[in-house]
Amino acid sequence: MVYASEGEKPWIEDTGLQFRNRPIPNFHQLTGGPVQVNRTLADGEVLQPEPGLTLRVEETPGHSRGDLSYLLEEERCIFTGDAIPVPDDIPIWVSGKDSAVSLQRLETLCLSGTVETVYPAWDLAYYGTDEILDKIRTAEDLVERLSRWTCHPLFQRTVEGMREESAGKHV
């Protein structure tokens, strides 16, 4: 069963579209190709795959249009995927503004005691308020600095050149 947000569904079902919108190195090796989304999810929905296991959908866009995180309520942990960019990785997002809002949302979940552990996609788990807030604040700083750079005309020309170069490849 494949779950996704309405915003991510077109990219999951058409990886060529995703690559044209956001060309990244080794994209096709990472994705393995398109798949059919069986069910779309929205912020606040609750999934109960079995008794005593409650997953609440948290919308955390930024990395993609409808990026979702999944809060395992009983364990006070959240699976964030790519919502928290890490300094030693290539941060990829469609909106620095959305990413900043999502990081604030994750910070609120941590400060309220709702989340005590974070499981990101490309980093080790973060345990406890201090470590989680440190990782979020580092990510916020990274997003802010890179958002300034991605507005620069040189960056915009480079991205456009990448799109043009890849237009005939993997479409």
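Trainee: Is Asn26 buried or exposed?

Mentor: Start with where Asn26 sits: the loop between helix H2 (15-21) and helix H3 (27-31), where helices are DSSP runs of H or I with at least four residues, strands are runs of E with at least two, and both are numbered from the N terminus. For the label, buried means under 20% relative accessible area, exposed over 50%, and partly exposed in between (1.4 Å probe, protein chains only). Asn26 comes out at 54%, so its label is exposed.

Trainee: What pLDDT do side-chain atom pairs need in this model?

Mentor: Residues are numbered from 1 along each chain as its sequence is written, and side-chain values use heavy atoms, with hydrogens and water left out. This is a predicted model, where local features need pLDDT of at least 70, totals for chains, interfaces and linings use all residues, and side-chain atom pairs count only at pLDDT 80 or more.

Trainee: Back to Asn26, what is its phi near?

Mentor: Asn26 is a residue other than glycine, yet its phi is positive. Arg76, in the loop between E5 and E6, also isn't a glycine and has a positive phi of about 55°. For Asn26, phi is near 60°.

Trainee: In what order do the six strands of the open sheet run?

Mentor: Strands of a sheet pair through backbone hydrogen bonds, either parallel or antiparallel. Here, two strands pair if DSSP finds at least two bridges between them. The pairing in this open sheet is mixed, and the six strands run in the order E3-E4-E5-E6-E7-E8.

Trainee: And which are the edge strands?

Mentor: Look for strands that pair on one side only. Strand E3 (46-50) is one of them, and the other is E8.

Trainee: Which residue in E4 is the bridge partner of Val46?

Mentor: E3 and strand E4 (residues 53-59) run antiparallel to each other and pair over three bridges. Take Val46 and follow its bridge into E4, and you land on Arg56.

Trainee: What angle does the direction of helix H4 make with that of E4?

Mentor: Helix H4 (residues 96-111) packs on the sheet and touches E4 and strand E6 (77-81), contact meaning heavy atoms within 4.5 Å. Axes are lines fitted to C-alpha atoms, for helices over the stretch in contact, and angles run from 0 to 180 degrees between N-to-C directions. For H4 and E4, that gives about 145°.

Trainee: Is Thr60 buried or exposed?

Mentor: Thr60 belongs to the loop between E4 and strand E5 (68-72). Leaving aside residues up to four places away in sequence, Thr60 touches Asp67, Leu68, Ser69, Ala83, Ser102 and Leu106. Its relative accessibility is 1%, so Thr60 counts as buried.

Trainee: Which residues does Leu133 touch, not counting residues up to four places away in sequence?

Mentor: Leu133 is part of helix H5 (residues 128-150). With 8% relative accessibility, Leu133 counts as buried. Its contacts are Glu107, Cys110 and Leu111.

Trainee: Glu107 turns up there, so which residue does Glu107 form a salt bridge with?

Mentor: A salt bridge is a side-chain nitrogen of Lys or Arg within 4 Å of a carboxyl oxygen of Asp or Glu. Glu107 counts as buried at 11% relative accessibility. The closest N and O atoms of the pair are 3.5 Å apart, and the partner is Arg137.

Trainee: How far apart are the closest N and O atoms in the salt bridge of Arg76 with Glu116?

Mentor: Arg76 and Glu116 form a salt bridge. The pair links distant parts of the chain, 40 residues apart, with Glu116 in the loop between H4 and strand E7 (117-120). Arg76 is partly exposed, with a relative accessible area of 40%. The N and O atoms asked about are 3.2 Å apart.

Trainee: How many salt bridges does the count come to?

Mentor: Glu45 and Arg39 make one, at 2.9 Å from N to O. There's also a network of salt bridges linking Asp43, Arg56, Glu58, Glu73 and Arg105. The count comes to ten.

Trainee: Which residues make the nonpolar surface patch of about 300 Å²?

Mentor: Patches are made of residues with over 30% relative accessible area and no salt bridge, joining like charges within 9 Å and nonpolar side chains (Val, Leu, Ile, Met, Phe, Trp, Tyr) within 5 Å. Accessible areas come from the Shrake-Rupley method with a 1.4 Å probe, and for residues, only the protein chains shown count as cover. Tyr127, in strand E8 (residues 126-127), counts as exposed at 51% relative accessibility. The patch is made by Phe79, Tyr119 and Tyr127.
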